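Work through these exercises with the sequence and the 3D view open. Try each task before you read its solution.

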Amino acid sequence: MDKLLIRGGSVLKGEVAMSGAKNAALPILCASLLSADPLELGNVPQLNDISTMLRLLGDMGIGVRHEGDDGLTLDGSGLNNPVASYEMVKTMRASILVLGPLVARCGEARVSLPGGCAIGARPVDQHIKGLQAMGAEVTVEQGYVHARASRLKGARICTDMVTVTGTENLMMAACLADGETIIENAAREPEVVDLANCLVAMGARISGAGTDIIRIQGVEKLHGARHSIMPDRIETGTYLCAAAVTGGDIRLTRTSAAYLDSVVDKLMDAGCEIVVERDAIRLTAPAKLKSVSLRTAPYPAFPTDMQAQFMAMNCVADGVATIRETIFENRFMHVSELMRLGANIQIEGNNAIVRGVDRLEGATVMATDLRASASLIIAGLVASGETLIDRIYHLDRGYERIEQKLAALGASVERVR
Ligand code: EPZ
């Protein structure tokens, strides 16, 4: 199994381009299920999760054509098998995003329940509750969600908590429902807005995306469209943290600070200088970072997907930081691995208290999930000697060509067996 070998001590410098957003691309690929016409997509990231989703859609009868490095045409005219098998879903929870579009377009769907993952139980009860409110008959049998509806009906849905893929699933389902659907307590993440923009380009009638109340007026059918996937704000934030921790000076292109306010604020609190351009961000790090405390919460607050990366930064900053994780009940798996590198972290419930140390020392560590693996890379870049990260398949799910991009910024990173 591949591992990543990092020789610490390089100061990151230079320029690198960011990729399209994984968490926007995944639901947007599923939007192809809603129409018999072709959906042409640009800026699609090359990631394992994207390949998995394309295989899943292909199994359902969706035609997939690659166009150049980051283009795709998806053809929904051959959709004939509204089933997402356990084999596919167990590798990627986001497969649940086919449920809403399939019920809306085909009148039925059979989708394996995702089950839990390293960071939490992650149930999908709100996805099911919303579809039932739209009149779908939903049963769970032998680990599969089975949903049927001759035609979904508009409904008022208030989710018990803010759920990103829950909002996306229900928004897609409501596009072809009879009447108006109102989603209250909706997720406001930029990826939800990017999906809504794509759906509107396909002829959907959606207002309020980006706020906590989304209104969808159902239509008979959707047509083809062209859409370019938004930049990946989490990939962008990850590289900014990598530069900050090494005392570097980098410029990230094909991205935007528009979706990163809370992250940029914290980086500036840590002492970084940030210059924002229309589609680029430059970060210049101080000689020594200051510790920054944070609390994760739904957008526009601080993203849980950046929590681990900031924990790695705080490991070598000046002072003590408290990190509170409020979204997932088990998202501190990286703590024990960071401590193997010499970090000083104490966990108290959903708080982690990080006391900055003068230096970290390279060691062999294990990635447990996607963002935890990013935090180990950041720590490895500043640790003395070599850090060997095991199980980096987690990384390939969400970071495109990471070792090439880091090497372009001067890091010593190598994939080894
Ligand atoms: C999305 O996951 C992202 N994934 C996650 O990114 C991200 O961490 C998360 O949103 C929060 O921002 C994708 O977009 C593909 P939620 P999602 O539903 O939608 C509970 C990454 O690293 N909940 O917003 O699955 C749930 O357990 C990944 O790229 C229910 O209880 O997250 C959690 O505690 C990791 N019942 C909370 O709500 C439900 O039906 C928020 O989860 C749905 C959610």
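Contact means heavy atoms within 4.5 Å. The model is predicted: local features need pLDDT of at least 70, side-chain atom pairs count only at pLDDT 80 or more, and totals for chains, interfaces and linings use all residues. Residues are numbered from 1 along each chain as its sequence is written, and side-chain values use heavy atoms, with hydrogens and water left out.

**Exercise 1. Arg122 and Cys117**

Task: Find the loop that holds Arg122, and list what Arg122 is in contact with beyond four places in sequence.

Solution:
- Start with the loop. Arg122 sits between strand S7 (108-112) and helix H5 (125-133). Helices (H or I, at least four residues) and strands (E, at least two) are DSSP runs, numbered from the N terminus.
- Next, list the contacts. Setting aside neighbours within four places, Arg122 is in contact with Arg93, Gly115, Cys117, Phe328 and Glu329.
- Now turn to Cys117. Cys117 is found in the loop between S7 and H5. Leaving aside neighbours within four places in sequence, Cys117 is in contact with Arg93 and Arg122.
- Check exposure. Buried means under 20% relative accessible area, exposed over 50%, and partly exposed in between (1.4 Å probe, protein chains only). Arg122 has 29%, so Arg122 is partly exposed. Cys117 has 30%, so Cys117 is partly exposed.

**Exercise 2. Reading the record**

Task: Which residues does UniProt list for "binding site"?

Solution:
- The unreviewed entry lists Arg93, Arg122, Pro123, Val124, Asp125, Gln126, Asp305 and Ile327.
- UniProt positions are given in the numbering used here, feature names are shortened, and annotations may be inferred rather than shown by experiment.
- Pick out Asp125. Its place is in helix H5. Asp125 has 38% relative accessibility, so Asp125 counts as partly exposed.
- Look at its side chain. The side chain of Asp125 makes a polar contact with the side chain of Gln126, at 2.8 Å. A polar contact is a pair of N or O atoms within 3.5 Å; within protein, one must be able to donate a hydrogen and the other to accept it, and residues adjacent in sequence count only if both atoms are side-chain atoms.

**Exercise 3. Helix H12**

Task: Why is helix H12 described as largely enclosed by the rest of the structure?

Solution:
- Count the buried residues. Helix H12 (residues 370-382) has 13 residues, and twelve of the 13 are buried, so H12 is largely enclosed by the rest of the structure.
- Name some. Among the buried ones are Leu370, Arg371, Ile378 and Leu381.
- Go to the start of H12. There, a side-chain oxygen of Asp369 reaches to within 3.3 Å of the backbone nitrogen of Arg371.

**Exercise 4. The cores**

Task: How many residues has the largest nonpolar core?

Solution:
- The largest nonpolar core has 76 residues. A nonpolar core is a set of buried Ala, Val, Leu, Ile, Met, Phe, Trp, Tyr and Cys residues joined through side-chain atoms within 4.5 Å.
- Those with the most contacts inside this core are Val98, Leu152, Met171 and Leu199.
- Apart from this core lies another, of 68 residues, including Val245 and Ile378.
- Zoom in on Val98. Not counting residues up to four places away in sequence, Val98 touches residues including Cys30, Leu33, Met53 and Val111.

**Exercise 5. The whole chain**

Task: What share of the chain's residues count as buried?

Solution:
- Of the 417 residues, 57% count as buried.
- The chain comes to 14 helices and 24 strands.
- Along its principal axes, the C-alpha trace spans about 65 × 45 × 40 Å.
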